[in-house]
Amino acid sequence: MTDMVSTTAPVTTGLYIGGEARSTADVLDVVDPARPGVVVGHAAAATREDVAAAVAAAKDAYPAWSAMPATERAAAMAAAIEGIADDRDEDARILALENGKIRMESWVDALVFEIRWQLALSHAEEVDQATVLPPAPGIPVETTVGYQPLGVVSIIVPFNWPIAILGAALPHALLAGNTAVVKPPPTTPLAITRLVQRVAEKLPPGVLNIVTGVDTEMGSLIDNPDVAKVCFTGSVNGGKRMMEMASRSLTRVTLELGGNDPAIIRADAVLDDAHLDRLYAGIYDTTGQICMAAKRIYVHRSRLDEVVAGLSARLEKVVLGHALAEDTTMGPLHQSAQKAFVTEIIEEARDSGATVLEFGELPGGELADGNFVRPAIVVDPDPALRVVTQEQFGPVIPVIPYDDDAEAVRLANDTWGGLCGSVWTADTDAANQLGAQLAVGYVWVNDHGATRLDLRAPFGGMKQSGMGREQGIAGIRAFQDTRSIAHLVPGAGEGSH
């Protein structure tokens with residue numbers, strides 16, 4: 001592993017604006033989270049002028065792109081991702097290096113982008129469909145309600161699943177008739193920039209642009225009057241900043257923010273190996289750094305010990321290590337600040353008297369300074385502890401007993417967020433009843449996690465988990481607005497008022 005990682009030349013990426021690749025005077029150094037002192041690549045650091053140029057290129061490309069029938073845009077988009085899988089192994093290797101998550105998760109990250117792209121294109125026939133409202137008593141008009149694109153869209157993605165998350169917005173925005181500027185995260189810009197550029201090169205110049213750099217130079221992706229909409233996935237505080245900046249130009253926003261997602265495990269839940277495997281993955285995939293991961297487990301008191309034992313048995317097999325090492329099952333956290341936070345909330349729970357179970361062995365050698373945290377279970381913590389009230393975004397989960405369904409729902413909804421939730425039960429009716437009471441945008445039954453998401457369904461949060469929906473036809477309509485055209489029909493609409 002060491003030789004394979006260390007002897008690979010650093011990856012270099014540039015900007016892609018108006019159909020042309022650009023370099024910059026300054027670059028971002030991208031480090032390996034498992035070895036924070038090792039630079040694995042360099043990304044272009046755009047200036048404000050570069051960002052303005054990207055928006056201008058998208059604006060210039062918009063009239064022709066938006067004028068095309070949606071089916072023609074779909075054909076161009078289908079051609080643009082032909083062969084995208086040819087470089088998937090290398091995309092995954094680079095993403096694993098810069099993100100820290102294991103190679104297989106990085107490979108799936110890139111795969112999901114392609115799946116979401118194809119699913120978006122499956123709606124091509126619906127995009128231009130209009131509704132006709134006939135005359136009615138007192139309304140002497142026939143009105144056609146159609147859809148129009150918005151203009152230039154900025155899409156800002158986070159570090160954890162950057163390519164897959166881009167796929168939840170970008171193809172829908174383009175198919176709807178918009179042009180786009182993509183901003184990757186400054187800490188994981190390499191794999192996504194390479195992939196987006198390969199796609200952009202096959203589209204008309206300016207339809208798809210990509211800029212990387214420090215956030216302080218990126219303001220005009222949000223408050224530029226020529227930007228019609230910002231689609232942002234990230235933290236709650238980041239979402240609030242997006243709204244503040246977008247308010248200057250009344251730019252629309254879709255915000256997919258953090259979650260504090262509950263899983264309710266009823267007394268009648270099936271807890272065989274298959275179900276426990278799914279629960280474990282829903283908590284600990286990507287070292288817990290997934291917005292829709294389970295963050296709080298509410299277990300009927302009669303099954304508490306069983307759930308703790310089932311998760312413990314799986315955590316005992318965890319191998320912490322470098323993302324590209326074949327035996328690694330869990331990589332480091334992405335950033336040192338997150339390592340400090342997760343460590344702090346685990347210690348806080350232990351100091352409060354809660355039972356804290358930790359697993360795995362921290363790696364040494366060249367990985368000794370990596371952002372590794374031993375995965376943990378916190379059993380029956382005080383509900384006021386941060387491990388319960390805040391999004392951990394790390395490999396630690398509180399497991400909390402409850403006594404009846406009403407208590408479980410009350411506890412599950414007693415939080416700032418409302419992204420996802422899950423109900424684990426052998427009773428289908430009970431699953432539907434409890435699921436309908438959860439103040440969240442998406443509910444799994446006997447399952448939980450990003451890899452189990454129905455990529456056709458609308459996805460998004462409630463409360464501080466965000467606003468707007470992605471995926472499916474709803475995700476396309478989120479990048480459009482209606483246009484009503486009314487024709488007076490002589491003699492129609494006469495009669496009652």
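The questions and answers below show how several descriptions of this predicted model follow from computed values and their definitions. In this model, local features need pLDDT of at least 70 and side-chain atom pairs count only at pLDDT 80 or more, while totals for chains, interfaces and linings use all residues. Residues are numbered from 1 along each chain as its sequence is written, and side-chain values use heavy atoms, with hydrogens and water left out.

Q: Why is helix α4 called oblique to helix α5?
A: Helix α4 (residues 88-99) and helix α5 (residues 103-121) pack at an angle of about 125°, with their axes 8 Å apart. Angles under 35 degrees count as roughly parallel, over 145 as roughly antiparallel, 65 to 115 as roughly perpendicular and the rest as oblique, and therefore α4 is oblique to α5. The crossing of these two helices is right-handed.

Q: Which residues of α4 and α5 meet?
A: From α4 come Arg88, Asp89, Ala92, Arg93, Leu95 and Ala96, and from α5 come Arg103, Ser106, Trp107, Asp109, Ala110, Leu111 and Glu114, where contact means heavy atoms within 4.5 Å. The residues of this contact divide into 6 nonpolar, 1 polar and 6 charged.

Q: How do you know that the buried residues of α16 line one face of the helix?
A: In helix α16 (residues 405-413), the buried residues are Ala408, Val409, Leu411 and Ala412, and buried means under 20% relative accessible area, exposed over 50%, and partly exposed in between, with a 1.4 Å probe and protein chains only. Seen down the axis of α16, the buried residues fall within an arc of 165°, so they line one face. The face turned away from this buried side carries the exposed residues Ala406 and Arg410. The elements against which the buried residues of α16 pack are β13 (261-265), β14 (294-300), β17 (396-402) and α17 (428-437).

Q: What makes the buried residues of α17 line one face of that helix?
A: The buried residues of α17 are Ala430, Ala431, Leu434 and Gly435. Viewed down the axis of α17, they fall within an arc of 125°, which means that they line one face of the helix. On the other side of α17, the exposed residues are Thr428, Asp429, Gln433 and Ala436. The buried residues of α17 are covered by elements including β13, α16, β19 (420-424) and β20 (442-445).

Q: Why does Ala34 count as buried?
A: Ala34, in the loop between β4 (27-32) and β5 (35-44), has 1% relative accessibility, and therefore Ala34 counts as buried. Leaving aside neighbours within four places in sequence, Ala34 is in contact with His322, Pro332, Glu366, Leu367, Gly370 and Phe372.

Q: How do you know that Ala200 is buried?
A: Ala200 has a relative accessible area of 3%, so this residue is buried. Ala200 is found in helix α9 (residues 190-200), and Ala200 touches Tyr16 and Leu208 when residues up to four places away in sequence are not counted.

Q: What is the phi of Phe393, and why is Phe393 called buried?
A: Phe393 has a positive phi of about 50° although Phe393 is not a glycine. Most residues other than glycine have a negative phi. Phe393 lies in the loop between α15 (386-389) and β17, and with a relative accessible area of 16% Phe393 is buried.

Q: Why does Asn446 count as buried?
A: The relative accessibility of Asn446 is 17%, so Asn446 counts as buried. Asn446 lies in the loop between β20 and β21 (462-463), and phi of Asn446 is near 55°, a positive value in a residue other than glycine.

Technical notes. Axes are lines fitted to C-alpha atoms, for helices over the stretch in contact, and angles run from 0 to 180 degrees between N-to-C directions. Helices (H or I, at least four residues) and strands (E, at least two) are DSSP runs, numbered from the N terminus. A crossing is left-handed if the near helix is turned anticlockwise from the far one by less than a right angle, and right-handed if clockwise. Ala, Val, Leu, Ile, Met, Phe, Trp, Tyr, Cys and Pro count as nonpolar, Asp, Glu, Lys and Arg as charged, and the others, Gly among them, as polar. The arc is that of the directions from the helix axis to the C-beta atoms.
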